[in-house]
Amino acid sequence: QCPAVLGFNYAGAAGTPSEEERFVKALEQASGAEITRLPQRAGFIGCAADEVWHSESPIVEGLACQGQAVLGRVREAGAARFITGHWGDQMLSDSDYLLDLFRSGQWRSLQRHARAWGMGVRGVATRFAREAASRHLPVSVAAVARQARRPRGDLWQSPWFTPRFRQLLHERAASDGPPRVGRSSHARAIHQQSRLGYHVQCMEWNTRMGARHGLDVAFPYLDC
């Protein structure tokens, strides 16, 4: 038997950029489920110590008080598992598909979508040139090009960087990135988003914060 599904939303006030009321109502109509609206809470200082303690890390979310209020309300409603859309924006809204439109000669679609992204002709052409170079340049030449573009100055020489951390920075700068996935720039971008090491840290942190409220946190976009 499928357990009951409860919806929660902490969208912004009407008329603000974070307002999602139309989207939330559409979800309610499509799913037949009622979504509880939670008022926004700004700030993080009041919850910082609690988050650091329970996450066992020096990471504090910028909207910590809001996040804690949501998790507490979800638990009070009797839920046992909290499904989050974390990283959904990156997985579903990557602009690299513009390069596929460029490569296939779909100029009208490219112009319309580029305009929606606030990207001009020069921006699209620059991205395509870089992407083409990364695809077709020999590995040795590409490595030299990345070396030339590598950030220089105080950032790499900060005194608090350990030798091991500096080595990791150099290895990352010289890396060719994730393996190619077919011919699609969009497919490669999505593949890359789903393989970033940062995801592991995000999932561990959110899992610990969920456990602080007795919730099992799941990540449909990252649990793969």
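The structure holds three aromatic pairs, where rings of Phe, Tyr and Trp (its six-membered ring) pair if their centres lie within 6.5 Å; planes under 30 degrees apart are stacked, over 60 edge-to-face, and the rest tilted. A pair of aromatic rings is described by the distance of the centres and the angle of the planes. For phenylalanine 102 and tryptophan 107 the centres are 5.5 Å apart and the planes stand at 85 degrees, so this pair is edge-to-face. Ring pairs link Phe102, Trp107 and Phe128 into a cluster. Phenylalanine 102 is partly exposed, at 23% relative accessibility, and tryptophan 107 is exposed, at 52%. Here buried means under 20% relative accessible area, exposed over 50%, and partly exposed in between, with a 1.4 Å probe and protein chains only.

This is a predicted model, in which local features need pLDDT of at least 70 and side-chain atom pairs count only at pLDDT 80 or more, while totals for chains, interfaces and linings use all residues. Residues are numbered from 1 along each chain as its sequence is written, and side-chain values use heavy atoms, with hydrogens and water left out. The mean pLDDT (the predictor's confidence in each residue, from 0 to 100) of the protein chain is 82, and 84% of its residues reach 70 or more. Confidence is lowest in helix α8 (residues 139-149), with a mean of 65, and highest in helix α6 (residues 107-116), at 93.

The protein chain has 11 helices and four strands; helices (H or I, at least four residues) and strands (E, at least two) are DSSP runs, numbered from the N terminus. Of its 224 residues, 27% count as buried. The accessible surface of the chain comes to about 15,300 Å², and 57% of that belongs to carbon and sulfur atoms; the areas come from the Shrake-Rupley method with a 1.4 Å probe, and for residues only the protein chains shown count as cover. Among contacts (heavy atoms within 4.5 Å) between residues at least 6 apart in sequence, 57% join residues at least 24 apart.

Helix α3 covers residues 64-76, 13 residues in all, and reaches 18 Å from its first C-alpha to its last, close to the 18 Å expected at 1.5 Å a residue. That expected span is 1.5 Å times one less than the number of residues. Among the buried residues of α3 are Cys65, Gln66, Gln68, Val70, Leu71 and Val74. The buried residues of this helix pack against β1 (7-9), α2 (45-55), β3 (81-83) and α11 (198-212). Following α3 comes glycine 78, with a positive phi near 95 degrees.

In soluble globular proteins, nonpolar side chains tend to be buried together. The largest nonpolar core has eight residues: Leu38, Val70, Leu71, Val74, Ala79, Trp205, Met209 and Leu215. Such a core is a set of buried Ala, Val, Leu, Ile, Met, Phe, Trp, Tyr and Cys residues joined through side-chain atoms within 4.5 Å. Alanine 79 is in contact with Val74 and Leu215, leaving aside its neighbours within four places in sequence. A second, separate core of seven residues includes Trp87, Met91, Ile190 and Val217.

Most residues other than glycine have a negative phi, and most peptide bonds are trans. Tryptophan 87 is not a glycine, yet has a positive phi of about 75 degrees. This tryptophan lies in the loop between β3 and α4 (88-92) and is buried, at 13% relative accessibility. Glutamate 56 likewise has a positive phi, of about 55 degrees, although it is not a glycine. The loop between α2 and α3 holds glutamate 56, which is exposed at 63% relative accessibility.

Glutamate 28 sits in helix α1 (residues 21-31) and counts as buried, at 18% relative accessibility. Not counting residues up to four places away in sequence, glutamate 28 touches Ala33, Glu34, Ile35 and Arg37. Its C-alpha is separated by 8.8 Å from that of glycine 7, 21 residues apart along the chain. Proline 39 lies in the loop between β2 (35-37) and α2 and is exposed, at 65% relative accessibility.
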